[in-house]
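I opened the model and kept notes as I went. The entries follow in the order in which I looked things up.

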Amino acid sequence: MVTNLSKANVVMMKKLLVFTLIMFVFGYALVPFYEKFCEVTGINNLLKPDVLVKENWVDEKRWITVEFDANTRGLPWQFKPLQTSARIHPGEAISVMYEITNDSDREINGQAIPSYSPRFLDKHLKKFECFCFTKQVLKPYETRQMPVQFVIEPGLPPEINTVTISYTFFELPGSGSVATK
Amino acid sequence: MAAVHGDVHGHEHDDHHPSGIMRWVKTTNHKDIGTMYLWFSFAMFMVGGFLAMGIRAELYQPGIQILQPELFNQFTTLHGLIMVFGAIMPAFVGFANWQVPMMIGAPDMAFARMNNWSFWLLPVAATMLVGSFFVPGGAAAGGWTFYPPLSTQGGLGVDLMIFSVHVLGASSIMGSINIITTILNMRAPGMTMMKMPMFVWTWLITAYLLVLVMPVLAGVVTMLLTDRHFGTSFFNAAGGGDPVLFQHIFWFFGHPEVYIMILPAFGIVSEIIPTFSRKPLFGYSSMVYATASIAILSCIVWAHHMFTAGMPTVGQLFFMYATMLIAVPTGVKVFNWTATMWRGSMTFETPMLFAIGFIFLFVIGGFSGVICAIVPIDIQVQDTYYVIAHFHYVLVSGALFALFAGVYYWIPKWTGHMYSETLGKWHFWLSMFFFNATFFVQHFLGLAGMPRRIPDYNLQFADFNMISSLGAFGFGLTQLLFLYLVIDCIRNGEKAPQSPWDGATTLEWTHLPSPAPYHSFETPPIVK
């Protein structure tokens, strides 16, 4: 009786330990699941090129001011747009050049992360070309000019006249030696 | 503290167990371990309470007087962590250790040695957590939810916090495995699942929730650790990660966690209300199903903590409706407690007072929870004192009041002595008054827009903050009365009869003398 009970208890413990292990793995499985979920639902696709909708039209009666902003965080680069703002019609494609310069004597990998104001602009902004789609590798003291091509769709709410597109460059792991921390 | 208890148990029985400090270090007895859990959680309650006093002292007046902002942030962070993981959770595990074997007629917990280990992990974790105040850079200061990027940037204190959460999680998982196995395999003959006391049911469901979500917490803090030191980028946007992902995984743990802290409280109240109403619990089986539904729903509502973090409207609607749905089984429970009291022969000893106080105040906290679940309102009150008031109504006047009720209810069985009813009533009424003075006004502060986790505030908030701080000081002092009362009960209390409560029907009152013998139910009782 007693040995049966302790055997049953150990079986139970093993089951629960396996369950615990499964839940630990599940916690990690949430990471790819979350990425896939965002990709499928299109929630977080700021770093992927958009496809132009065929029946695109240009709303020539309306003007939107687009302001361009550029920042770096924790890496010795200079980063700026060659024009600070542009006036465009909704639906009209535009290309803007940005310039980055590596001020240090090491090779650095950087990744630009976009941020929009107002936040829901990402629903109406279609980017075909952007330096943020891939990582940028700059040799020591190298300077590079890179384009962003995009359209703001006419579906943008009519009360919005000014929008801001901002990019921040972060350093990626795997850069040359003397990494900043 | 150990000495006090050693004395109590020592002279009453002739058991052949080691005496002195080694008895407590090596013990595998569920009653000893339960006692240690309870004293440990009370000590942590005092530490967390000290931090709360510091926070309220700083907020007594506008401006910076006592705590510099950095230290203030450490105080709020550690207050939350210590109260949740150090005080409330171990206290309920202490109750489970004492009560579950006695209430189901088992001789001890299923894995006695593992039980000892899961307790002794706690002081280790607590030392790391409290000790982190004294390392360079101080303790973690990014809030008890340790969101990145703050938690990926902090110093050594954050690492200590991460290790401490690992250890506490391991302790909780072992405790839960023990409790589940004990309840499922070791019930006395005749005690079917649907004859188990409500407290045992709520703990069974809580223990399942713990093994479900604690490993996820362990996973998410491990990801933080590797992000901090081993170059991974789970939560680092620059490396392709996402800080919002942390919030999703954390709250997948964090929301069931709040039910882990309230379901055993429901269980304690479901034992006390029938006893002092001298009627069986109204709607026992609906109570079981309501508890299970709350547990299941708690796993699909996590993102209501993140309405302002960026989410599609469809997601907000889903989490809003799912959250509001929890009010249904919770309402069933409140209805059943009220119906149990209806036409009962009620008396109002201290356990009953705390249980009724629990129902009143928990319902207030429940309603403010439904209000917070409404997306447009939540966007308004997010990170304000309204939220602080809400979760202190469910955690202090919910979980903590139920713990007090449980201590008063079972202390005659644990110590063999009655507590002082006069002091108990003083403790209740003072706690009731000061609790509401502290937290009720915080609803107004939150609605007026006072943000949480900030050491200074606008002058318009000064009056309510002063009231709240005075209430908090009173509430803190009142708990010293509780400490005195418990020690007085152990040392000088009147001898308790086997069942001092005439409505009590569970096994520990009907089959065991007071104090409960060191070894009980070595031959299982027959339950009809």
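**Notebook: confidence, domains, contacts**

The model is a predicted one, in which local features need pLDDT of at least 70, side-chain atom pairs count only at pLDDT 80 or more, and totals for chains, interfaces and linings use all residues. Residues are numbered from 1 along each chain as its sequence is written, while chains are lettered from A and ligands numbered from 1 in the order in which they are written.

I then looked up confidence by element, with helices (H or I, at least four residues) and strands (E, at least two) taken as DSSP runs numbered from the N terminus. In chain A, strand S2 (residues 77-81) is highest, at a mean of 91, and strand S6 (residues 125-129) is lowest, at 85.

**Chain A, domains**

I noted domain 1 (1-44) and domain 2 (64-171) in chain A; such bounds come from an automatic or database domain assignment. Taken over C-alpha atoms, their centres are 42 Å apart.

**Chain B, domains**

For chain B I found domain 1 (20-196) and domain 2 (382-515). Their centres, over C-alpha atoms, are separated by 18 Å. Their contact (C-beta atoms, placed from the backbone, within 7 Å) takes 26 residues from domain 1 and 25 residues from domain 2 of chain B. On the domain 1 side, helices H3 (30-58) and H4 (69-104) of chain B each supply at least two residues. H4(B) gives the largest share of that side, 11 residues.

I sorted that side by class: Ala, Val, Leu, Ile, Met, Phe, Trp, Tyr, Cys and Pro count as nonpolar, Asp, Glu, Lys and Arg as charged, and the others, Gly among them, as polar. The domain 1 side has 16 nonpolar, 8 polar and 2 charged residues.

**Chain B, H3 and H17**

I checked H3(B) against helix H17 (residues 462-492) of chain B: their axes come within 9 Å and cross at roughly 160 degrees. The axes are lines fitted to C-alpha atoms, for helices over the stretch in contact, and angles run from 0 to 180 degrees between N-to-C directions. H3(B) is therefore roughly antiparallel to H17(B), a label for angles over 145 degrees.

**Chain B with chain A**

Last, I counted 24 residues from chain B and 23 residues from chain A in their contact. H8(B) gives the most to the chain B side, with 7 residues. That side has 18 nonpolar, 6 polar and no charged residues.

Terms used: Contact = placed C-beta atoms within 7 Å. Parallel < 35°, antiparallel > 145°, perpendicular 65-115°, else oblique. pLDDT = per-residue confidence, 0-100.
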